[in-house]
Amino acid sequence: MDKSAPARRRLALLSSHLRPATSPRKSNCFNPLVVTNCTSSSNAENTENGCIFCKIVRGESPAVKVYEDDVCLCILDTNPLSCGHSLIIPKCHFSSLKETPPSVVASMFSKVPAISSAVIKATGCDSFNLLVNNGEAAGQVVFHTHIHIIPRKASDCLWASESLRRRPLKLDQEAKKLGKNIRENLPSLGNIEDSKGQVSDLIGN
């Protein structure tokens with residue numbers, strides 16, 4: 001059995017969201033390869049011989065490092081969708097966003113403004129997409145939590161879905177029921193309940 005088949009299927013799923021390019025894109029970006037040492041421990045779920053991000057963190061695989069601190073690392077994607085496509089990854093192995101501690105998620109996202117600004121300036125782009133593929137159906141290929149920073153330029157036609165017509169949400173009973181179901185599945189976050197413990201279905205009600 002071809003063990004790489006599932007990975008290829010996930011990659012094909014992610015690629016299906018993209019508009020096929022008419023010609024190969026040339027990148028004018030170049031950076032020397034660097035590696036980083038891993039000073040954090042891995043949990044039991046971390047397949048140390050398999051996870052490419054864990055290998056990069058431990059310094060066993062090369063990567064172009066953009067940023068590093070005690071919690072996370074930012075590298076250039078080795079299969080970029082655009083020049084400057086970067087990944088922010090935690091140094092400890094967490095297979096999904098759900099499994100990643102809130103403090104680690106907060107640390108990763110707190111770096112986005114500074115890193116994205118630097119990427120934009122370095123690439124000459126004026127916009128970027130911030131993306132998390134969480135789960136196989138969403139196109140996650142490497143099951144180690146990571147954030148994509150994808151630089152964009154006008155009319156680059158990167159996402160096929162951008163050409164799709166979006167339908168406005170109908171503020172009907174079905175939408176209210178969906179909102180209620182989401183609220184009921186939220187953990188305790190200090191929520192939006194009023195003093196009577198009731199939640200309004202619509203903002204402004």
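Helices (H or I, at least four residues) and strands (E, at least two) are DSSP runs, numbered from the N terminus. On that basis the protein has five helices and five strands, in the order α-α-β-β-β-α-α-β-β-α from the N terminus on. This is a predicted model, in which local features need pLDDT of at least 70, side-chain atom pairs count only at pLDDT 80 or more, and totals for chains, interfaces and linings use all residues. Residues are numbered from 1 along each chain as its sequence is written, and side-chain values use heavy atoms, with hydrogens and water left out.

**Whole protein**
- Of the 205 residues, 32% are buried, meaning under 20% relative accessible area with a 1.4 Å probe, protein chains only.
- The accessible surface (Shrake-Rupley method, 1.4 Å probe) comes to about 14000 Å², and carbon and sulfur atoms hold 55% of it.
- Among contacts (heavy atoms within 4.5 Å) with a separation of 6 or more, 58% join residues 24 or more positions apart.

**Helix H5**
- The N-terminal end of H5 is capped by Asp172, with a side-chain oxygen 3.3 Å from the backbone nitrogen of Glu174.

**Asp156**
- Asp156 sits in the loop between strand E5 (147–152) and H5.
- Asp156 counts as buried because its relative accessibility is 16%.
- The side chain of Asp156 reaches the backbone nitrogen of Lys153 at 3.1 Å.

How values were computed
Buried means under 20% relative accessible area, exposed over 50%, partly exposed in between (1.4 Å probe, protein chains only). A polar contact is a pair of N or O atoms within 3.5 Å; within protein, one must be able to donate a hydrogen and the other to accept it, and residues adjacent in sequence count only if both atoms are side-chain atoms.
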